[in-house]
Every structure is written in structure tokens, then in C-alpha cells.
Amino acid sequence: MKNNWRKWLLIPALLPSFLGLDAKPMQGEVAPQPLDTIEYRVFIAVDKAGVEHWGGKAAYQKKLDAFFGQVNDFWNKAGEGRLKYYFRYVPDWQVTYDCSSRQLENVYKRSAGFPDHDVLLIIDSILDFDDEESAKGWYCSGGADNLSMVVCRSRSKMEHEDLFGIDYFHRGVAHEFGHYRGVTDLYADRIRAKNNPVNNLQYEPDSCVMNNHYKTYKWSPYAVNIINYTAKSKRPGRDFPGFFKQMFPENIQVSVTVKGKKKKGVKLNLYGSRAKFNDLIATPYRTYETDKKGEYLITGVPGLYDKPAPPLHTDELPYNRWFTFLLEAEYKGEKKYVWLPEYEVQQTFFENKDTYQVTIDF
């Protein structure tokens, strides 16, 4: 008797087969359609010492193929249904080198001879040349003919680093390929509280593979927008010249109210933050004041963020960009704050608008 319930549960599941019917979506439901696939061919150069360490070419090729399966699976799942295409990176192992990977990188930076490939990947599993240590780690850089190049270099001088065995390595490569597609580092917008002399608050950017690939398993809305927008381009740097700066809107409209009424004469301070330092410069980069409508239209926004004009009130500005602005509104000693990270302001581009709106209420 105890097992009879199992038989009754099976009957409804088997009925369509007994009746000769096919299981179909219910009326009003739309069966999901497969996405078109876009492929990017990856020219791969691998260090000879690494190939020999892991058993020769056949064994290494097997590891490489399995790894790219991980990269592609992660890349698409991280879109959480928001990507317009299925993206596939196709590994093409072309070179096994027996020299400094740093030297090889410099050669590839100057070479335009890769018409059949879309992106370069150099893998180096051990720092066996003196010049490699100064450039250890993983990063994406540019080469000739608008070709992006990803370098994955070991952090060890003593033993081969099993990059394929690191849990987050495939997410790290996905991060670097994100740069290839046109997405910036969101972690560069981070501001640490101890480095913020204005209001002593921390700013943490959106959760994204481009913020923290060690622990994050999704693309942010900003990254999704860019990946979809540049999807059909095999070399975004060639097909979208100046794309990053073009994503900024021309204006930022600031509207200020006090107890629900528009207020004239509210002081607005714009403080800039620096990548690498994750700090905020204490002196305002720009200062404004609201008009009789309680508004101020900040114009020339691309030039405020990218290659900003002096005075910068700092001797060093990495990448010659402000990554995040903190907007401060002050009225009768009371202050309100709004974060303006570049990636948030640039979302206006995908809304086909030329003005980013900010509202501050006292």
C-alpha cells in the first residue's frame, strides 16, 4: 500500500503518450526561440614550458577546449536572459612560444597581421623570464589595427600556475573579454570611506563581472547594454571610434526643491574621484548655483569626465578621467549628496537621451 501513490502520480504524466498527443505550450504561451549565435575567433599563444608541463599538445588542447566551454557557458548565463545573442568565443591555438611572453606581447601590439582573428590571448603559466614579473597578472590591452589583446600571466616564479584549475579563471577571462567588447572596469568607480574627505561615505559600484569577477556571476545592466550594442562588431575599437566618450550625455540637469518648492541660489559642488586611489579630491572640480527655476544645466558632460580641463586640484589623474563625481547641494548649512558614476550617467545613451536628470529635495 505504501507505494500505490507513486502509480497514481505517474498516470497524468503518461496520459499524453497513451492518447497519442504531443506536449505543446498552453494557449497564449510563446515557446522560447533560440538566439542567433555570434562567434569571435581567438588567436591563442601558449608558453612551451606550460604545454610540456601538462603533458604535451594533445593534453593541453583538451584543457583549452574545456576551458573555453566554461567561458562561453558563464558569459551567456551571466546575462540572465538579457543578452540578445548567444556569444561564443572560439579558441584557435596558433603559437607555442619559447621566449618571454612580455616580448611576444610587444611584438603583437605592433602587428596588424591577424585578419582571420578577432582578439588575441597570450597564456603564460610561469614567470621564467626577468621582464615578465613587472607585468604579471591578467589584463586587456590594445594592439595594432584596433585588435584587443588579453594577457593571462602567472603570478609565480617558482612553479607553473594551473590557471585552468583556478575556480575564477574563466570568469577572469570573461572579464577581460568584456573589455574587448567595450565595457570599462566598474571597480574603478569605487570610493573608500577613508579616502572620502567630503562626506566620509563609501561608494560601491553595481554588482557585475566588470566589478568583481572573483565573486560575481552576472553582467550589470550597463555591461549588458554595451555587449548587446557592439555584438555584431568583431573589432569594436575600429567600428565604434571614440565610443566610450560618446556614451556620455551632453548635459546633466540638476533640479533642487526646498519643502517642495523650486529654490534659487542653492550651491552645487562637483567633486571628482580617481581610479586606483579610490578616493575623492577634497576641492570641488566645478561649482554651480541654481537659477530662479531651482535648476542648473551642466553642459559639456563628456569633457567633464574624460580628459577634463584644469584645474584638477591633483597632481595625478589615472587614465586622465574622473570616474565618479559626487554632487553636493548645500542650502542654509544643510547638505545633500548624489553619486554620479560614469557608468550610471552613460546609461542615458541607451535611452536615446542627451540629458541625465538629477533631482534633490531638501
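Helices, taken as runs of at least four residues, and strands, taken as runs of at least two, are DSSP assignments numbered from the N terminus, and it is in these terms that tyrosine 319 is placed in the loop between α9 and β12. The protein averages a pLDDT of 91, and 91% of the residues reach a score of at least 70. Residues 1-26 stand below 50, and in the model this stretch has two contacts beyond near neighbours in sequence. Where pLDDT is low, the predicted coordinates should not be read in detail.

Tyrosine 319 has a relative accessibility of 54% and, because exposed means over 50%, counts as exposed. Asparagine 320, with a relative accessible area of 34%, is partly exposed. Threonine 314 is another residue of this loop, which runs between α9 (301-305) and β12 (324-331). A polar atom of the threonine 314 side chain lies 3.1 Å from the backbone oxygen of glutamate 316, and, when residues up to four places away in sequence are not counted, threonine 314 touches Arg274, Ile281 and Trp322.

In soluble globular proteins, nonpolar side chains tend to be buried together. The surroundings of tryptophan 219 can be described in more detail: leaving aside neighbours within four places in sequence, this residue is in contact with a set that includes Trp75, Ala78, Gly79, Arg82, Ala174 and Cys208. Val209, Met210, Val224 and Ile227 are also among the contacts of tryptophan 219.

Aromatic rings form 41 pairs in the structure. In one of them, the ring centres of phenylalanine 74 and tyrosine 217 are 6.3 Å apart and the ring planes stand at 75°, so the arrangement is edge-to-face. Because phenylalanine 74 lies in helix α3 and tyrosine 217 in the loop between α5 (169-181) and α6 (221-229), this pair ties together parts that are 143 residues apart in sequence. Phenylalanine 74 is buried, with a relative accessible area of 7%. A stacked pair is formed by phenylalanine 248 and tyrosine 305, with 4.6 Å from centre to centre and 20° between the planes. This pair likewise links distant parts of the chain, since phenylalanine 248 is in the loop between α8 (243-246) and β6 (251-258) and tyrosine 305 is in helix α9, 57 residues apart. Both partners are buried, phenylalanine 248 with a relative accessible area of 5% and tyrosine 305 with a relative accessibility of 1%.

Charged side chains also meet aromatic rings. Lysine 57 lies over the face of tryptophan 93, at 5.5 Å from the ring centre, while the charged end of arginine 181 sits over the ring of tyrosine 180, 4.7 Å from its centre.

Tyrosine 337 provides a further example of an aromatic residue, located in strand β13 (residues 334-341). At 28% relative accessibility, tyrosine 337 counts as partly exposed. The side chains of tyrosine 337 and glutamate 328 are joined by a polar contact of 2.7 Å, and, apart from neighbours within four places in sequence, tyrosine 337 is in contact with Val198, Asn199, Leu326, Leu327 and Glu328. Tyrosine 337 and tyrosine 305 are 32 residues apart along the chain, and their C-alpha atoms are separated by 18 Å.

Notes: Residues are numbered from 1 along each chain as its sequence is written. This is a predicted model: local features need pLDDT of at least 70, side-chain atom pairs count only at pLDDT 80 or more; totals for chains, interfaces and linings use all residues. Side-chain values use heavy atoms; hydrogens and water are left out. A polar contact is a pair of N or O atoms within 3.5 Å; within protein, one must be able to donate a hydrogen and the other to accept it, and residues adjacent in sequence count only if both atoms are side-chain atoms. Contact means heavy atoms within 4.5 Å. pLDDT is the predictor's confidence in each residue, from 0 to 100. Rings of Phe, Tyr and Trp (its six-membered ring) pair if their centres lie within 6.5 Å; planes under 30 degrees apart count as stacked, over 60 as edge-to-face and the rest as tilted. Buried means under 20% relative accessible area, exposed over 50%, partly exposed in between (1.4 Å probe, protein chains only). A charge sits over a ring if NZ of Lys or CZ of Arg is within 6 Å of the ring centre and within 35 degrees of the ring normal.
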